[in-house]
Amino acid sequence: MCQLLGMNCNVPTDICFSFEGFCARGGKTDEHRDGWGIAFFENKGCRIFIDVKPSIHSPIAELVRAYPIHSTHVISHIRKATQGEITLENCHPFRRELWGRYWVFAHNGDLPGFQARDTSFYQAVGNTDSENAFCYILEALKQNFPHCKPPLDEFYPVLNDVTKTLSTQGIFNYLLSDGDYFFAHCSTKLYYIVRQAPFAGAHLIDEDVTVDFSELTTPSDRVAVIATTPLTDNEVWTQIQPGELLVFQDGVPISPNSFTSQESMF
C-alpha cells in the first residue's frame, strides 16, 4: 500500500528534511514506485506537485527536496497502486474546493469495491477508491453544512461519522486539511512526533542524513510531523490508535473534548 507524510506547525516551516527520507521510500528503500505528490498550503493558496515517476527518480521531487517551501500545512503521498492505473489523475494528494477554500486529501489503504454513488456535486476524475472516498467526504460535509464552514465542534462529529462509515469498507488511513486545521485518521498504522524546544538532532532511517534543529529554529517554534511509519531512528514517535481521528493545530494534536471550550477558528 501507499505511505503518507504530513506536517502541521505554528510557523511556516520547510519539510525538506522529512521529505528527503520519505522520498527514498518511493523506489529506493521501499517499493512505492507508482507516483507521488505533495501539497503546501500558503495562506488561502495551495501548491501541488504530482508525478507518475517514482519519487526517488522524479526531477520534480528533486526540486521539492532542494527548494525550502515554507508552509504550516503539508500533505504528501507515495503510491503503491491497489486500484487505478499509474496515471497523473490517480496521483495523490487530491484537491477540491469547498466553502471557498481548497481541501487536500491523501489516503493509504484499500477500500475494495467502494463507489461514491450518492454524490451529486463532487465527482472523481481518476478511478481510485481514494478519490472516490474524498468526494464522498466532501459531499457529506456539503450536505450537512450547505452554506459555510461550521465551527470545529460541529464539523468534527460529522467528519468522524463519515470516516467510520468508510472505514467499514477496508483500510482507511488518511490526511485531510484546508490550511486551517489538519486531520489525521488511523485505520491500521500512522505515527506522529511533535518537535519543540529544547530542540535536538534527528537522523533519518532511509538516508544517512542528520539535522540539528536547534540551529534552525527559535524557542517558540513547534512542528508536528505525521507519517505512516517513523522517519527517524533517534526520536520517540507516538502511534495513533486505530480508529482515532486526530486534529492538529499549531503543531500539536488537540482533544475533541476541548472543541466546545474554545472559540473556534474553523
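I began with Pro-93, which sits in the loop between β4 (71-78) and β5 (94-98). In this predicted model, the peptide bond from His-92 to Pro-93 is cis, with omega near -5 degrees. I then looked up Pro-198, in the loop between β9 (191-196) and β10 (201-203). I noted both since most peptide bonds are trans.

Next I turned to phi. Most residues other than glycine have a negative phi. Asn-43, however, has a positive phi, near 55 degrees. I found Asn-43 in the loop between β2 (36-42) and β3 (45-51). Trp-99 also has a positive phi, of about 55 degrees, although it is not a glycine. Trp-99 belongs to the loop between β5 and β6.

Are these residues buried or exposed? Asn-43 counts as exposed because its relative accessibility is 74%, over the 50% cut-off. Trp-99 has 18% relative accessibility, so it counts as buried.

**The cavity**

I went back to His-92, as it is one of the residues that line the largest cavity. The search of the whole structure gave 1 cavity of 30 Å³ or more, and the volume of the largest is about 60 Å³. Other lining residues include Cys-2, Arg-79, His-107, Asp-129 and Ser-130. I sorted the lining by class and got 2 nonpolar, 7 polar and 2 charged residues. β6 (101-110) and α3 (129-144) each give at least two residues to this lining.

I checked the length of α3 first. Its 16 residues should span 22 Å at 1.5 Å a residue, and the end C-alpha atoms are 23 Å apart, so the two values agree. α3 is mostly covered, with 13 of its 16 residues buried.

I did the same for α4 (residues 152-167). Its 16 residues should also span 22 Å, and 21 Å between the end C-alpha atoms agrees with that. The buried residues of α4 include Leu-152, Phe-155, Tyr-156 and Leu-166. What do the buried residues of α4 pack against? I found β6, α3, β7 (171-177), β8 (182-185), β14 (245-249) and β15 (252-254).

**Ala-116**

I looked up Ala-116, in the loop between β6 and α3. At 10% relative accessibility, Ala-116 counts as buried. Leaving out residues up to four places away in sequence, Ala-116 touches Asn-132 and Tyr-136. Ile-86 is 30 residues from Ala-116 in sequence, and their C-alpha atoms are 21 Å apart.

**Nonpolar cores**

The largest nonpolar core has 33 residues, and Trp-103 and Phe-183 touch the most other members. At least two residues of this core come from each of β5, β6, α3, α4, β7 and β14. Which element supplies the largest share of this core? I noted α3, with 8 residues. Another core, of 23 residues, lies apart from it and has Ile-15, Trp-36, Tyr-191 and Val-225 among its members.

**The largest pocket**

The largest share, 4 residues, is from β1. By class, I wrote down 11 nonpolar, 4 polar and 3 charged residues for the pocket lining.

Key. Residues are numbered from 1 along each chain as its sequence is written. This is a predicted model: local features need pLDDT of at least 70, side-chain atom pairs count only at pLDDT 80 or more; totals for chains, interfaces and linings use all residues. Side-chain values use heavy atoms; hydrogens and water are left out. On a 1 Å grid over the protein atoms alone, a cavity is a set of points where a 1.4 Å probe fits but cannot get out, and a pocket is an open set with protein on both sides within 12 Å along at least five of seven lines; lining residues have an atom within 4 Å of a point. Grid points are joined across faces, edges and corners, and a volume is the space filled by probe spheres set on the points. Ala, Val, Leu, Ile, Met, Phe, Trp, Tyr, Cys and Pro count as nonpolar, Asp, Glu, Lys and Arg as charged, and the others, Gly among them, as polar. The expected span of a helix is 1.5 Å times one less than its number of residues. Buried means under 20% relative accessible area, exposed over 50%, partly exposed in between (1.4 Å probe, protein chains only). Contact means heavy atoms within 4.5 Å. A nonpolar core is a set of buried Ala, Val, Leu, Ile, Met, Phe, Trp, Tyr and Cys residues joined through side-chain atoms within 4.5 Å.
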